[in-house]
Amino acid sequence: MRRFAQLFVFVTIFSGLGGVSFVDANDAAAIRVGNGDDVRPNIVFLLADDQSTYSVGCYGNPDVKTPNMDRLARDGVLFDNHYNTTAICMASRANIFTGMYEYKTGCNFMHGDMKPEVWELSYPVALRKAGYLTAFAGKFGLVVDGKGLCEVDFDFWGGGPGQTNYATAKNASMKKYAKDYPHSTLSYAAFAKDVIRESVNREKPFCLSISFKAPHKPAVPDPRFDAVYKDATFTKPANFGREHGEHLSPQSKMGRQYPRFSGWKYDTDYDGEMRKYHQQIYGIDVALGMIRDELDAQGIAGNTVVIYTSDNGYICGSHGYGSKVLPMEESSRVPLMIYDPRSPLSGQQVRCQALTGNIDFAATILELAGESIHSNSDGISLLPLLNDPNAGGHEQIAFINTWGSQPTTSMTCITPRFKYTYWWYGDDEMEPVEELFDTEKDPLELTNLASNPEYSAVLEKMRARYDQELDSWKTEAVSYNDYEKYGTLFDRTVPLAEKAATLGTKRKKKAER
């Protein structure tokens with residue numbers, strides 16, 4: 001079983017509201033569940049912020065307590081090969097909303113905000129036009145030119161700008177929940193319960209999207225759960241520590257991820273840091289349980305699809321790094337569970353090995369609602385995998401980083417088995433570097449195969465796949481927010497001097513040793 005990165009997102013789709021009757025999802029004779037005459041499923045998207053795969057019991061960690069996430073995996077399909085195509089919150093959320101790669105959304109920190117014509121392609125806009133009640137709570141994560149946080153595109157609003165706040169009372173749209181739920185994580189579950197009840201009353205299907213702030217740093221766990229991990233210790237991953245990062249590119253060590261191994265005390269207080277991290281995730285787990293309980297209470301669980309994932313993974317000391325952004329497994333691969341009680345796989349504890357990405361959520365949600373997928377989509381619907389875990393997925397996807405220090409910007413091509421990264425940057429200290437990992441045989445990425453002659457044929461094939469992804473970038477990238485230059489920077493065949501000219505700099509000659 002492959003190891004997983006460190007983030008979670010959760011999507012839930014709910015069907016039929018008011019005055020419905022249903023039977024258990026595992027009953028083959030399950031009957032019609034609907035909101036009045038509308039039997040389309042309701043849709044909820046729950047997204048964690050910086051949650052790793054090894055923070056969840058169902059991904060193989062016996063040290064953590066995630067009963068509701070584990071139950072969701074048992075009830076639905078657990079995805080073992082799910083990646084975020086950009087591992088930082090603003091760009092990842094844009095990917096999720098629109099189903100497009102970052103170079104087509106034109107949206108990330110250090111680049112710029114989303115254009116309104118791009119937002120019009122998002123799943124919340126499409127579903128509202130289709131008659132769904134739309135709701136959002138939590139960290140919106142991006143800004144749309146001329147529309148801000150797009151509150152006008154939702155029937156129920158509990159969202160906030162920037163990083164939002166762990167103190168519920170400091171989130172303007174959520175203040176009414178502060179007395180009962182002073183920590184924001186459970187306040188979002190209370191918001192969800194209100195949306196569910198109101199949608200049942202209105203007899204309309206709904207699309208509920210919740211983006212938890214947890215477990216994003218600075219860590220502020222809900223004190224009501226202080227006893228859960230009191231004095232707990234945690235097993236370090238087998239690739240923990242600087243000694244397991246010596247083979248990684250020098251470029252990857254030029255960003256803030258490398259010093260955060262020590263700056264965030266993974267090297268000196270691993271257990272203390274992980275207690276806070278896992279306690280925050282435990283709060284999300286409780287919130288998930290609250291939401292599912294409300295679905296049961298309102299009689300709509302039999303027509304509810306639940307998807308849980310994260311905006312990116314998290315590197316808690318693996319290879320001697322911290323944070324996210326980089327293409328390593330802990331940062332790029334994230335948990336994903338989808339529960340559709342109408343699926344023949346429900347309750348069978350199925351694990352899906354297909355390659356999927358965060359660009360697939362919009363297409364999945366649109367198909368669930370019976371709506372068409374826009375022509376500019378890079379994602380594909382995951383619904384076929386809920387009927388047959390071998391009947392779908394991607395042959396390859398791109399992983400992108402255009403944020404942070406220039407040396408750490410790069411593009412990666414991922415297949416179900418291999419991962420190829422071209423680190424384009426070079427100066428007087430380093431040359432461009434290739435990395436090739438067999439993530440099936442080496443899920444901890446301990447051996448770079450790029451210079452191994454036994455893998456020369458694989459390397460050539462992965463280079464060709466990488467070039468295909470870059471060609472798409474060159475032909476489809478937006479003409480604004482500084483994305484076009486990466487068509488040159490990420491090109492393996494363009495000399496460094498020409499890349500320096502693109503950046504308006506001169507490349508220094510490598511210093512004599």
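Predicted model: local features only at pLDDT ≥ 70, side-chain atom pairs only at ≥ 80, totals over all residues.
The charged end of K115 sits over the ring of Y480, 4.9 Å from the ring centre. A second contact of this kind places the charged end of K217 over the ring of W264, 5.1 Å from its centre.

**Salt bridges**

- The structure contains 31 salt bridges.
- One of them joins R333 to E329, with the closest N and O atoms 2.7 Å apart; R333 and E329 are both buried.
- Salt bridges with shared partners connect D49, R93, K139 and D311 into one network.

- R492 and D467 meet through their side chains in a salt bridge, at 2.7 Å from N to O.
- This pair links distant parts of the chain, since R492 belongs to the loop between helix 12 (486-489) and helix 13 (496-503) while D467 belongs to helix 11 (residues 456-476), 25 residues apart.
- R492 has a relative accessibility of 25% and therefore counts as partly exposed; D467, at 26%, is likewise partly exposed.
- A salt bridge also forms between K474 and D491, whose closest N and O atoms are 2.6 Å apart.
- K474 is partly exposed, with a relative accessible area of 43%, whereas D491 counts as buried at 12% relative accessibility.
- An aromatic pair joins W473 and F490 in an edge-to-face arrangement, with 5.5 Å from centre to centre and 80 degrees between the planes.

**Other aromatic contacts**

- The structure holds 31 aromatic pairs.
- Among them is the tilted pair of F154 and W157, with centres 5.6 Å apart and 40 degrees between the planes.
- F154 counts as buried, at 6% relative accessibility.
- One aromatic cluster is formed by F45, F97, W119, Y123, F136, F140, F154, W157 and F361.

**Helix 6**

- Helix 6 (residues 184-202) has 19 residues, which at 1.5 Å a residue should span 27 Å; the end C-alpha atoms are 27 Å apart, in agreement with that value.
- E203 follows helix 6 and has a positive phi, near 55 degrees.

Methods. Residues numbered from 1 in each chain as written. Heavy atoms only, no water. Salt bridge = Lys/Arg side-chain N within 4 Å of Asp/Glu carboxyl O. Buried < 20%, exposed > 50% of the residue type's maximum accessible area, 1.4 Å probe, protein only. Helix = DSSP H or I, 4+ residues; strand = E, 2+ residues; numbered from the N terminus. Expected span 1.5 Å × (residues − 1). Phe/Tyr/Trp six-rings, centres within 6.5 Å; stacked < 30°, edge-to-face > 60°. Lys NZ or Arg CZ within 6 Å of the ring centre and 35° of its normal.
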